[in-house]
Amino acid sequence: MNTFKPIITTLLIIICVIIFTNSCSKDNNKQEILLTIASEMGVGLGPVNQTIPCYIVKYESSSAWVLFYNKIQDFEYEEGYEYVIKVEKSEIENPQMDASSLQFSLSKIISVEKKSSIGIPDEFKKYFITP
């Protein structure tokens, strides 16, 4: 019986560590990201080729503009201004069907500048699909 005591103790410690790390994992799913948001909105394609408005953004480590399909909670966008903002990205546990599994919330506005953003690809700019 004494030979099983160290094994049982080790197993209990491992189980406690696993439970503790899993209980903290929700906070670890959050990540802060720096985004530059262009001075004009873009238009992307949603389900069934419907057009939907999108932000045009650059991520901190990139010089390329990309379409950003998600909403940013607590962020009020005004066309004609380029923004540099910090957002908190987190995962949504059970997203709705065809919805994003990511959620973005405004953490901080770094800068706001009235200007026309440079280098936006033409295909991101407003367009309409005709039948």
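**Questions on a predicted model**

Tutor: We begin with one residue of this predicted model. Lysine 115 has a relative accessible area of 30%, so this residue counts as partly exposed.

Student: With which residue does the side chain of lysine 115 meet in a salt bridge?

Tutor: Side chains of opposite charge can pair when their charged atoms come close. A salt bridge requires a nitrogen to oxygen distance within 4 Å. For lysine 115 the N to O distance is 3.6 Å, and the partner is glutamate 82.

Student: How many residues apart in sequence are the parts that glutamate 82 and lysine 115 tie together?

Tutor: Glutamate 82 lies in strand E6, whereas lysine 115 lies in the segment after strand E7 (102-114). The pair therefore ties together parts whose separation in sequence is 33 residues.

Student: Does glutamate 82 count as buried or exposed?

Tutor: A residue is buried when its relative accessible area is under 20%. The value for glutamate 82 is 13%, so this residue counts as buried.

Student: How many salt bridges does the structure hold, and where does lysine 30 lie?

Tutor: The structure holds 2 salt bridges. In one of them, the side chain of lysine 30 meets that of glutamate 88 at 3.9 Å, N to O. This pair links distant parts of the chain, 58 residues apart: glutamate 88 is in strand E6 (residues 81-91), and lysine 30 is in the loop between helix H2 (25-28) and strand E1 (31-37).

Student: What is the relative accessibility of glutamate 88?

Tutor: Lysine 30 has 43% relative accessibility and so counts as partly exposed. Glutamate 88 also counts as partly exposed, because its relative accessibility is 29%.

Student: In which sense do E6 and E7 pair?

Tutor: The two strands are joined over 11 bridges. In E7, phenylalanine 104 is the bridge partner of lysine 89. The sense of the pairing between E6 and E7 is antiparallel.

Student: Which residue in E7 is the bridge partner of glutamine 73?

Tutor: Strand E5 (residues 72-73) is joined to E7 by 2 bridges, and these strands run parallel. The partner of glutamine 73 in E7 is serine 105.

Student: How many aromatic pairs does a search of the whole structure find, and what kind of pair do tyrosine 55 and phenylalanine 75 form?

Tutor: The search finds 7 aromatic pairs. In the pair of tyrosine 55 and phenylalanine 75, the ring centres are 5.8 Å apart and the planes stand at 65°. Planes over 60 degrees apart define one class, so the pair of tyrosine 55 and phenylalanine 75 is edge-to-face.

Student: Where in the chain do tyrosine 55 and phenylalanine 75 lie, and how many residues apart are they?

Tutor: Tyrosine 55 belongs to strand E3 (residues 51-59), and phenylalanine 75 to the loop between E5 and E6. The pair links distant parts of the chain, and the separation is 20 residues.

Student: Which residues do ring pairs link into a cluster?

Tutor: Phenylalanine 75 also forms a tilted pair with tyrosine 77, at 6.4 Å centre to centre and 55° between the planes. The cluster linked by ring pairs consists of Tyr55, Phe68, Phe75, Tyr77, Tyr83 and Phe104.

Terms used
Residues are numbered from 1 along each chain as its sequence is written. This is a predicted model: local features need pLDDT of at least 70, side-chain atom pairs count only at pLDDT 80 or more; totals for chains, interfaces and linings use all residues. Side-chain values use heavy atoms; hydrogens and water are left out. Helices (H or I, at least four residues) and strands (E, at least two) are DSSP runs, numbered from the N terminus. Buried means under 20% relative accessible area, exposed over 50%, partly exposed in between (1.4 Å probe, protein chains only). Two strands pair if DSSP finds at least two bridges between them. Rings of Phe, Tyr and Trp (its six-membered ring) pair if their centres lie within 6.5 Å; planes under 30 degrees apart count as stacked, over 60 as edge-to-face and the rest as tilted.
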